[in-house]
Amino acid sequence: MSGLHFLTLLFCASLAAAAGVVRPVTPVAQSVVLASASLEDWRYLAFPALHDTGDEVLVSYKRARSHAQDAGAALELARLEPVTGRIKERTTLARRADEIMQMGEWVRFPNGDLVNYIDAQRPGAATTRTGLLAVRSSDRGRTFGPPERVGVIEGVEYGYAFDSIVEGPTTWMLAMTFANLPGGKSVFPGRPMAGSVDVLRSDDSGRSWHRVRGLSHEFGDIPINESAFVRWGEGFLVTTRGYDNRQRLHLTDGDFRLIRQVDLSAADAFVQTFVGRPRLLVREGRAYLLGRNVTRPATEKARPMQLCLLRLDVPALVATECVVLDNADLAPVTDGYYAMGYFRPDPSGERFHVVTYRGRNGAAPDLMHLTFRWADVR
């Protein structure tokens, strides 16, 4: 190969990367876990969150009538057979006639208790948080108690939990304050109810908590909400979705003090806006960002959402590859793609299983199960 030819190929590859070329991967299997059309009422199915027990996968999800503003919406629980995604049993985790139960977040505590933290809301002119609820299981997920308010933590009541990390006796959790709840205050113009994303810590399996750090302030008083984090070396890797339509990556030390951060939406052609309900995972020493994404630039008319997995170069804080897991053909998906994944061995290679939700052309969404060869995705 001539030197000129090599430089031409290198230049073209650089242009392709700058243009945000994405790589679609076809699942080896996909199925509808629960179809909205199979239900007589409360047919809007959304926001799945997973806990993998080994024998089964617990999925909490919103069963409702709309994306928001629907009093009486329940948080249901589906127990899945891990390989096929088939539902073994469905029950209700929480329901209140005058409130909205949604966005459950699982935490398996050091003592074995399993808790689902629920974003409880009340409809109105603006969505009003009513205080974080928790349903707890002390028999490793076989049965759950009634929903109870977490209550005030060092003068603050939180409304929305995002993610957790458990190490030894310690549990860290990301949660958000709201102006209408005790200790909360509005910090973003145009978002009168939105407050701060904080790191909380518990050393008694969630019976009590204390505030470690306010990340919104630590990261430069930025307007963030849905967030995720993983341990990275001696510190943490955090990703945040901003009310300013930005997706960011942040490296912190072990006390959650900022070391460095990058605006992915500005620095990376794979991310055109924020990533909806971002989830971080680490596998084989590599970090990945999973969630709802838009890969098409704003100059294009058709910009439907896609389910994407972004491979991250953590030292550089960039995404080096974008794998499209669903909607590579840019179909009119109008709601969907909050997602979580888990892994299972297979004789032909490890499988990556994803549970998500998807609705097309304004129809009520279904719960979906997608299976991939991890070797194809990673």
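**Strands and rings**

Entry 1. I began with strand β19 (residues 247-252), which five bridges join to β20, the two running antiparallel. Helices (H or I, at least four residues) and strands (E, at least two) are DSSP runs, numbered from the N terminus, and two strands pair if DSSP finds at least two bridges between them. I looked up L249 and found V262 in β20 as its bridge partner.

Entry 2. A note on ground rules: this is a predicted model, so I keep in mind that local features need pLDDT of at least 70, that side-chain atom pairs count only at pLDDT 80 or more, and that totals for chains, interfaces and linings use all residues. Residues are numbered from 1 along each chain as its sequence is written, and side-chain values use heavy atoms, with hydrogens and water left out.

Entry 3. I checked the confidence next, as pLDDT (the predictor's confidence in each residue, from 0 to 100). The protein chain averages 92, and 94% of the residues score at least 70. Over residues 1-19 the pLDDT is below 50, and beyond near neighbours in sequence this stretch has six contacts in the model (contact means heavy atoms within 4.5 Å).

Entry 4. Back to β19 and β20: which sheet holds them? I found an open sheet of four antiparallel strands in the order β17-β18-β19-β20. Its edge strands are β17 (224-232) and β20 (258-263), each pairing on one side only. Neighbouring strands here are turned by 20 degrees against each other on average, direction ignored; axes are lines fitted to C-alpha atoms, for helices over the stretch in contact, and angles run from 0 to 180 degrees between N-to-C directions.

Entry 5. I then turned to another open sheet, with four strands in the order β3-β4-β5-β6 and antiparallel pairing. β3 (44-52) and β6 (87-94) stand at the edges with a single partner strand each, so one side of each has no neighbour in the sheet. Strand β5 (residues 74-80) pairs with β6 in the antiparallel sense over six bridges, and L80 stands opposite I87 in β6.

Entry 6. How many aromatic pairs does a search of the whole structure find? I noted 18. Rings of Phe, Tyr and Trp (its six-membered ring) pair if their centres lie within 6.5 Å; planes under 30 degrees apart count as stacked, over 60 as edge-to-face and the rest as tilted.

Entry 7. Y338 and Y357 form an edge-to-face pair, 6.1 Å centre to centre with 80 degrees between the planes. Y338 lies in the loop between β25 (333-336) and β26 (340-344) and Y357 in strand β27 (residues 351-360), so the pair ties together parts that are 19 residues apart in sequence. Y338 is buried at 6%, and Y357 is buried at 0%.

Entry 8. F343 and W374 also pair edge-to-face, at 5.0 Å centre to centre and 90 degrees between the planes. This pair links distant parts of the chain, with F343 in strand β26 and W374 in helix α4 (residues 374-377), 31 residues apart. F343 is buried at 16% relative accessible area, and W374 is buried at 1%.

Entry 9. Y44, F47, Y338 and Y357 form one aromatic cluster.

Entry 10. Last, charges over rings (NZ of Lys or CZ of Arg within 6 Å of the ring centre and within 35 degrees of the ring normal). R283 lies over the face of F343, at 3.8 Å from the ring centre, and the charged end of R95 sits over the ring of W42, 4.6 Å from its centre.

Methods
Buried < 20%, exposed > 50% of the residue type's maximum accessible area, 1.4 Å probe, protein only.
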